[in-house]
Each structure stands twice: as structure tokens, then as C-alpha cells.
Amino acid sequence: MKLDIVLAGVGGQGVLTMASLIGRSALRSGINVLVSEIHGMAQRGGSVRCTIRMGNVNSPLVARGSADCIVSTEPLEALREIDRANRDTIVLTDVNPVVPPTVIFEDVDYPSVETILDEIRRNCRLIEIDANELAKKAGGIISKNVVLLGALSAIDILPFSHKILLEEIRKTLPYKDINTRAFNLGRKEIMRRKDEKR
């Protein structure tokens, strides 16, 4: 078994937390896991990337074209990681853009979200979700990363139970009720879409 996941987003959106929670859940399930992070200027709203490899692996880095899944808290950051994807890669992304200050100050155009999503669709299997809206329903916009973890747990790619991931979230993060609701809302959204396809 081998699973390669890329997590992407903007500094402050909880990407490193997501990587830690997935890694802890894998370890708790007895699965070999390696995690790597690149967050340079993340504290100033810059790009953040974490890679997670599980199973029979010796390096935490995900090679070009080999990601099984890309999870992103921001649509353009998902597109930025597209070189790690192939036609079978699942891209799970929030649809809400975070426009960098440099784009505003330098009067550069940020592409429309639909343009970004269309480009991802041309290359991968796209699952788009309004994580901001679901996080607000859960009780706190800060829980959008947990919404995405709930959604990830429902696409049948993780080699451990969603219950283990939720237990790790409840054990590790504050605001247990909000994060539990956020996880369940993200999971239910994907399960609802699955039911509609049947």
C-alpha cells in the first residue's frame, strides 16, 4: 500500500495542522507515514505545502505526477500543485479565494475561481466544496481546515477510519464542539453528493 497526499493553502489556514492530524491518525493506525512541510513566508499569507506519504515509502516528498490526492484550503494554491497530479488524482479544494496583498497593491489580476476550477478539471478529478460556509455553520470560520478533513475522510482514500481522525481532532484541537461539527458537516456534504449519484 502506498498513498501520496499533498496539502496546500495560505499561511494561517491550518494546513500544517491538517498534516499533523493525518500523520498522527496514520501512526495510531499502525501505518508507516512520512510528513514534509514547506511554509517559507506563510506567516505573511504566503503559500504553504505539506506532503504526506503512507505505506511502503522511504521519502516524504511527492514526485511530479504521483499525488493520489491534493487537498487545498484555497483554489489557486490547488492549481499551483497541479504538476504533482495525474488524470486519476483527486483534487479536493475550498472554492473561496484568498487574494494576496501583492495582487491588490501591484494591480495584478487574480484569475476567476471558475477559470481556476476549469483548469483543475481538465487535469484531475475535482471535488469543490464551500468550506468557509460549512465552517460558519459549525460555529467558526477558523474550522474550515477541519471541514476539509471531514470531506477527505468521506472520499474513501484514507487507509484508516474517519473515527480515528475525528478522535485525533477532538484530542488535539481546542473548540471540540465546533471542530466536531465542522468535521461532520464536511463529511456529510461528500456523502450527500455520493447518494445523489446513486
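1. A residue is called buried when its relative accessible area is under 20%, exposed when over 50%, and partly exposed in between (1.4 Å probe, protein chains only). Helices (H or I, at least four residues) are DSSP runs, numbered from the N terminus. In helix α6, Lys144, Asn145, Val146, Val147, Leu148, Leu149, Gly150, Ala151, Leu152 and Ser153 are buried. Because 10 of the 10 residues of α6 (residues 144-153) are buried, the helix is largely enclosed by the rest of the structure.

2. On the source: this is a predicted model, in which local features need pLDDT of at least 70 and side-chain atom pairs count only at pLDDT 80 or more, while totals for chains, interfaces and linings use all residues. Residues are numbered from 1 along each chain as its sequence is written, and side-chain values use heavy atoms, with hydrogens and water left out.

3. Lysine 144 belongs to helix α6 and is buried, with a relative accessible area of 7%. Contact here means heavy atoms within 4.5 Å. Neighbours within four places in sequence aside, lysine 144 is in contact with Gln13, Thr73, Asp94, Asn96, Ala131, Asn132 and Ala135.

4. A nonpolar core is a set of buried Ala, Val, Leu, Ile, Met, Phe, Trp, Tyr and Cys residues joined through side-chain atoms within 4.5 Å. The largest has 43 residues, and Leu7, Met54, Leu152 and Leu158 have the most contacts inside it. Apart from that core lies another of 14 residues, among them Val95, Tyr110, Cys124 and Leu126.

5. Leucine 158, with neighbours within four places in sequence left aside, is in contact with Leu3, Ile5, Met54, Leu152, Ser153 and Leu165.

6. The structure holds 18 salt bridges, each a side-chain nitrogen of Lys or Arg within 4 Å of a carboxyl oxygen of Asp or Glu. In helix α2 (residues 75-80), arginine 80 and glutamate 77 lie 3 residues apart, about one turn of the helix. Their side chains meet in a salt bridge (3.0 Å, N to O). Arginine 80 is partly exposed at 49% relative accessibility, whereas glutamate 77 is buried at 6%.

7. A salt bridge (3.6 Å, N to O) joins the side chains of lysine 171 and glutamate 168. Lysine 171 is exposed at 59% relative accessibility, and glutamate 168 is buried at 2%. Both residues belong to a network of salt bridges linking Arg28, Glu167, Glu168 and Lys171.

8. Glutamate 196 and arginine 192 form a salt bridge, their closest N and O atoms being 2.6 Å apart. Because they are 4 residues apart in helix α8 (residues 176-197), about one helical turn separates them.

Key:
Helices (H or I, at least four residues) and strands (E, at least two) are DSSP runs, numbered from the N terminus.
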